[in-house]
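Here's a quick briefing to read alongside the model. Have the sequence and the 3D view open as you go.

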Amino acid sequence: MVVRASDSVVGLLVDSTNDRVLLVRQHRAAMVRKDNPDGLITELAAGRFDVELGPKALLVKEAREEAGITLSEDDVELVNVGAPMALSAGVLTERTYGGIVFIRPEQIGEGEVGYGVMDEGESISRVWMSIPEFTSPNTQHDDWRVWAMAQFLARRRLEERLAKRTDVDHSFWDYPPL
């Protein structure tokens, strides 16, 4: 069986000023189970290509709707050289673009709850997590995309720290810097 689904975009919203990331928490029917009767999941701001937008523009739209973050396309950096990735190549046709955004304090709207598109039945709240907690191998994430972006951010921060050191042989990085 193949499940046909439109492609999507997810975005990691990083507040470097306060050393934290912004995730969103909402109800997802597919997550309802005995140990999660409300189907709540903490995930990245995300959306489907049900409108005619490119990945950066869609992420700008979704960050505003789901998290109250005001962005421009110039703020968005696409990961994986801008190419989408399969979520479950054996079942889903959906591919996802990933983006990372380093948000500034003036881009963050007021309030922690009440986000989402009400006509779509969304009731979304913000979840702030410290970067060390988010990237820790001991932190459990609910979504593969969240886990993957945590690994991406951890690697990026390691590369930035190593790039500043003169006592490290940088030749082992055999790919272009981020």
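Start at His141: a polar atom of its side chain sits 3.0 Å from the backbone oxygen of Phe134, a polar contact in the sense of N or O atoms within 3.5 Å, where, within protein, one must be able to donate a hydrogen and the other to accept it, and residues adjacent in sequence count only if both atoms are side-chain atoms. Keep in mind that this is a predicted model, in which local features need pLDDT of at least 70 and side-chain atom pairs count only at pLDDT 80 or more, while totals for chains, interfaces and linings use all residues. Residues are numbered from 1 along each chain as its sequence is written, and side-chain values use heavy atoms, with hydrogens and water left out.

**Around His141**

- His141 belongs to the loop between helix H2 (131-135) and H3; helices here are DSSP runs of H or I with at least four residues, strands are runs of E with at least two, and both are numbered from the N terminus.
- Is His141 buried or exposed? His141 counts as buried because its relative accessible area is 16%, and buried means under 20%, exposed over 50% and partly exposed in between (1.4 Å probe, protein chains only).
- Setting aside neighbours within four places in sequence, His141 is in contact with Met129, Phe134, Val146, Trp147 and Ala150, where contact means heavy atoms within 4.5 Å.

**The largest pocket**

- Rolling a probe the size of a water molecule over the atoms shows where empty space is left.
- The largest pocket holds about 1,000 Å³ of space.
- Its lining has 39 residues, and the closest to the pocket centre are Glu43, Leu87, Glu94, Asp143 and Arg145.
- For the record, the search runs on a 1 Å grid over the protein atoms alone: a cavity is a set of points where a 1.4 Å probe fits but cannot get out, a pocket is an open set with protein on both sides within 12 Å along at least five of seven lines, and lining residues have an atom within 4 Å of a point.
- Grid points are joined across faces, edges and corners, and the volume is the space filled by probe spheres set on the points.
- Which element gives the largest share of the lining? That's H3, with five residues.
- Elements that each supply at least two lining residues include strand S1 (8-15), strand S2 (20-27), strand S3 (40-43), helix H1 (55-67) and helix H3 (144-163).
- By class, the lining splits into 17 nonpolar, eight polar and 14 charged residues; Ala, Val, Leu, Ile, Met, Phe, Trp, Tyr, Cys and Pro count as nonpolar, Asp, Glu, Lys and Arg as charged, and the others, Gly among them, as polar.

**Glu43 and Leu40 in strand S3**

- Glu43 is found in strand S3 and is buried, since its relative accessible area is 3%.
- The side chain of Glu43 makes polar contacts with the side chains of Gln26 at 2.9 Å and Arg28 at 3.0 Å.
- Beyond four places in sequence, the contacts of Glu43 are Leu23, Val24, Gln26, Arg28, Asp143, Arg145 and Val146.
- Leu40 is also placed in strand S3, but at 40% relative accessibility Leu40 counts as partly exposed.
- Leu40 touches Arg25, Gln26 and His27, not counting residues up to four places away.
- The C-alpha atoms of Leu40 and Gln26 are separated by 5.3 Å, although the two are 14 residues apart along the chain.

**Salt bridges**

- Side chains of opposite charge can pair when their charged atoms come close.
- The count is 16 salt bridges, each being a side-chain nitrogen of Lys or Arg within 4 Å of a carboxyl oxygen of Asp or Glu.
- Arg28, Glu43, Asp143 and Arg145 are linked in a salt-bridge network.
- Asp19 pairs with Arg157, with the closest N and O atoms 3.5 Å apart.
- That pair links distant parts of the chain, 138 residues apart: Asp19 is in the loop between S1 and S2, and Arg157 is in helix H3.
- Asp19, at 30% relative accessible area, is partly exposed, and so is Arg157 at 27%.
- Arg104 and Glu106 meet in a salt bridge at 3.0 Å, N to O; Arg104 is partly exposed at 37%, while Glu106 is exposed at 60%.
- Glu160 and Arg156 pair with their closest N and O atoms 3.6 Å apart, and both lie in helix H3, four residues apart, about one turn of the helix.
- Glu160 is partly exposed at 42%, whereas Arg156 is buried at 12%.
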